[in-house]
Amino acid sequence: MSAPAEVPALVSSTLDLSRQRGFITSIRNETGRLLASLAASRTGTLAELGTGCGVGSAWLSSGAPKDARVVSAELDPALAGDVQKIFAQTDNVDVIAGDWSTLEQYAPFSLLFIDIREVMESIDVIADLLEPGGIAVLDDFVPSAFWPPIVEGRVDTVREQWLTDERFAAVEMLIDVDASLIIATRR
């Protein structure tokens with residue numbers, strides 16, 4: 001896919017932390033650029049459920065308007081501390097050490113990035129966290145040419161649920177030949 005090879009400095013810092021920590025599952029730059037583009041259209045509070053090394057939050061922050069706030073939760077307190085150091089000079093990003101549900105106090109969200117499968121299964125909770133018109137971006141799907149979507153010989157019920165839930169206008173997007181994501185807008 002065509003895009004500049006450079007990434008924002010904050011994203012670069014989080015990618016460095018990812019390499020140091022041995023994370024190989026940070027989001028793809030294509031997904032990051034999509035997050036930054038979507039964030040540019042949002043106001044209010046944006047969130048990442050599952051900070052990891054902060055790559056998603058860095059992309060959100062790189063696109064978000066200056067008056068928007070980005071919050072993120074990381075279960076591992078040591079990792080959350082490392083990520084907090086990266087964002088120490090970034091006024092609009094807060095990284096909380098704790099379970100993803102600790103972010104409920106910051107809802108409603110105008111944009112929510114989720115790349116934890118177990119969290120995606122909580123569609124009712126996620127729907128309640130989004131403001132009307134709020135967007136959920138769900139990452140880390142394997143493309144399927146079938147309906148219902150089949151992955152490893154089984155129906156991907158999480159994807160099926162998100163793409164058919166009447167509370168959302170949703171679409172699956174191919175990010176690469178082996179990766180897709182879902183964008184779901186709360187009606």
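## A residue to start with

Asp140 sits in strand β5; helices (H or I, at least four residues) and strands (E, at least two) are DSSP runs, numbered from the N terminus. The phi angle of Asp140 is near 75°, a positive value in a residue other than glycine. With a relative accessible area of 46%, Asp140 is partly exposed. Here buried means under 20% relative accessible area, exposed means over 50%, and partly exposed is in between (1.4 Å probe, protein chains only).

Before we go on, a word about the model: it is predicted, so local features need pLDDT of at least 70 and side-chain atom pairs count only at pLDDT 80 or more, while totals for chains, interfaces and linings use all residues. Residues are numbered from 1 along each chain as its sequence is written, and side-chain values use heavy atoms, with hydrogens and water left out.

## Helix α1 and its partners

Let us turn to helix α1. The axes of α1 (residues 9-21) and α3 (residues 55-63) come within 8 Å and cross at roughly 180°. Axes are lines fitted to C-alpha atoms, for helices over the stretch in contact, and angles run from 0 to 180 degrees between N-to-C directions. The two helices α1 and α3 are therefore roughly antiparallel to each other; angles under 35 degrees count as roughly parallel, over 145 as roughly antiparallel, 65 to 115 as roughly perpendicular and the rest as oblique. On the α1 side, the contact is made by Leu10, Val11, Thr14, Leu15 and Ser18, and on the α3 side by Val55, Ala58, Trp59 and Ser61. Contact means heavy atoms within 4.5 Å. By class, this contact of α1 with α3 has six nonpolar, three polar and no charged residues. Ala, Val, Leu, Ile, Met, Phe, Trp, Tyr, Cys and Pro count as nonpolar, Asp, Glu, Lys and Arg as charged, and the others, Gly among them, as polar.

What about α4? The axes of α1 and α4 come within 10 Å and cross at roughly 150°, which makes α1 roughly antiparallel to α4. Leu10, Ser13, Thr14, Leu17 and Arg21 in α1 meet Ala78, Leu79, Asp82, Val83 and Ile86 in α4. By class, the contact of α1 with α4 has six nonpolar, two polar and two charged residues.

Asp16 is also found in helix α1, and at 32% relative accessibility Asp16 counts as partly exposed.

## The nonpolar core

The largest nonpolar core has 33 residues, and those with the most contacts inside it are Leu46, Leu60, Leu111 and Val137. A nonpolar core is a set of buried Ala, Val, Leu, Ile, Met, Phe, Trp, Tyr and Cys residues joined through side-chain atoms within 4.5 Å. Several elements each supply at least two residues of this core, including α1, α3 and β5 (130-141). The largest share, five residues, comes from α2.

Leaving aside its neighbours within four places in sequence, Val137 is in contact with Leu35, Leu38, Leu111, Leu112, Phe113, Ile114, Leu181 and Ile182.

## Details in the loops

One joins Ala107 and Pro108, with omega about 10°, and Pro108 lies in the loop between β3 and β4. Another joins Trp147 and Pro148, with omega about -5°; Pro148 is in the loop between β5 and β6.

Glu152 lies in the loop between β6 and β7. Although Glu152 is not a glycine, its phi is positive, about 55°. Glu152 is exposed, with a relative accessible area of 78%.
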